[in-house]
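Dear colleague,

I am passing on the structure we spoke about, with the sequence alongside. Please open it first and keep it in view while you read my notes.

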Amino acid sequence: MRTIREVKPETELYAPRLAEVVKIDELTPNEKVFEFRFKDGKELGHRPGQFVEVSIMGTGESPISVSSSPTKDGTFQLAVRNVGNVTNTLHALERGAMVGIRGPFGNGFPLEALDGRDVLLIAGGIGLFPLRSLVQYILDRRSSFGKVILLFGARSPAERLFLDELDLWSRSPEIEFQETVDKGDESWKGNVGVITTLIPKVDIDPGKTMAVVVGPPIMYRFVIGELKKKGLADENIILSLERRMKCGVGKCGHCQINGVYVCQEGPVFTLAQLRNLREAV
Ligand SMILES: Cc1cc2nc3c(=O)[nH]c(=O)nc-3n(C[C@H](O)[C@H](O)[C@H](O)COP(=O)(O)OP(=O)(O)OC[C@H]3O[C@@H](n4cnc5c(N)ncnc54)[C@H](O)[C@@H]3O)c2cc1C
Ligand code: FES
């Protein structure tokens, strides 16, 4: 498997590049999407599913997935849930603020394996942050893929993310989009139930379909159960793991599972690879 050490000189692994916040949108009271442009004018050069380490001087550094597609020129977006020190300071930033960015790191989604196939994308909660990058990428290269289905589940209507894009996808003939919320309210007219309830409703050809699943760990076991009922092979089920990370570049060992560095060889794995790692999913 390709490692970051092979493609980047060591100094670049540790030295953050300065990036300016050029746009901020509030997604929910606890989640914001930030658009950045590098001070040196260069591109991030990521693939969907990769992450960056964002540093704030005097506060710290956190791994955050790139939420925009590399098909978008000049800027990149990171969607961030406010949970603690770094993310709280990020949320307090205004347009024009500078942060440090290392990366992109990790393997990203296997675009070559998805090429020409039907694709079933399943996002639970903020799993949509990294998966959105892949959705945008696929829609920008639509003719390279077969049937594309996106399923999204949020805990409540108030926790739905990227409302404009959800609306766009629900009306687009390019993608079959279905969503659900765990618990509805008076205003919600859509599906109610956990995300696994959507899987039996979609029509897929298991011989042609690759499934890409991103969400909280608890979701994986149940989603995998439903995908197996649909006849998908372990090699055709792709999952992104969110492990505790520090360096992001295979040096500190924080992210290891049985000798495999998730920050480098992951965070994206097939279910077959995870079973070999004896990783419980
Ligand atoms: C590969 C990868 C991609 C990620 N992508 C995103 C993203 O796109 N958007 C986003 O909002 N978050 C993402 N995260 C999670 C994000 O890195 C953590 O929420 C963040 O580091 C917390 O830092 P903090 O200083 O704000 O919180 P801290 O003050 O360090 O901690 C606050 C709370 O968050 C918990 N926490 C800290 N780090 C993690 C972690 N890695 N995973 C789960 N819980 C954690 C702590 O246990 C504590 O309860 C990603 C994590 C990884 C490993
Ligand atoms: S985060 Fe340091 S080795 Fe993976």
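Below are my notes on a sheet, a helix and the surroundings of the ligand.

Please bear in mind throughout that this is a predicted model.

The sheet is open and is built from 6 strands in the order β4-β3-β6-β1-β2-β5, with antiparallel pairing. Its edge strands are β4 (60–65) and β5 (76–81), each of which pairs on one side only. On average, neighbouring strands in this sheet are turned by 40° against each other, direction ignored. Between β2 (residues 31–38) and β5, which run antiparallel, there are 6 bridges, and K32 stands opposite V80 in β5. Helix α5 (residues 128–140) packs on the sheet, where it touches β1 (17–28), β2, β4 and β5, and its direction makes about 155° with that of β5.

In helix α7 (residues 217–229), the buried residues include M219, Y220, V223 and L227, and the buried residues of this helix pack against β7 (118–124), β11 (209–214), β12 (237–240) and α9 (271–276). Just after α7, G231 takes a positive phi of about 95°.

Ligand 1 is surrounded by 18 residues, the closest being S62, P63, R81, T87 and R244. A backbone N or O atom of P63 lies 2.6 Å from an oxygen atom of the ligand, while a nitrogen atom of ligand 1 is 3.0 Å from an N or O atom in the side chain of E242. Taken alone, ligand 1 exposes 870 Å², of which the protein buries 74%. The elements giving two or more residues to its shell are β4, β5 and α3 (85–91), and the largest share, 4 residues, comes from β4.

With best wishes

Notes
Residues are numbered from 1 along each chain as its sequence is written. Chains are lettered from A and ligands numbered from 1 in the order in which they are written. This is a predicted model: local features need pLDDT of at least 70, side-chain atom pairs count only at pLDDT 80 or more; totals for chains, interfaces and linings use all residues. Side-chain values use heavy atoms; hydrogens and water are left out. Two strands pair if DSSP finds at least two bridges between them. Axes are lines fitted to C-alpha atoms, for helices over the stretch in contact, and angles run from 0 to 180 degrees between N-to-C directions. Contact means heavy atoms within 4.5 Å. Buried means under 20% relative accessible area, exposed over 50%, partly exposed in between (1.4 Å probe, protein chains only). A residue is near a molecule or strand if one of its heavy atoms lies within 4 Å of it. A polar contact is a pair of N or O atoms within 3.5 Å; within protein, one must be able to donate a hydrogen and the other to accept it, and residues adjacent in sequence count only if both atoms are side-chain atoms. Accessible areas come from the Shrake-Rupley method with a 1.4 Å probe; for residues, only the protein chains shown count as cover.
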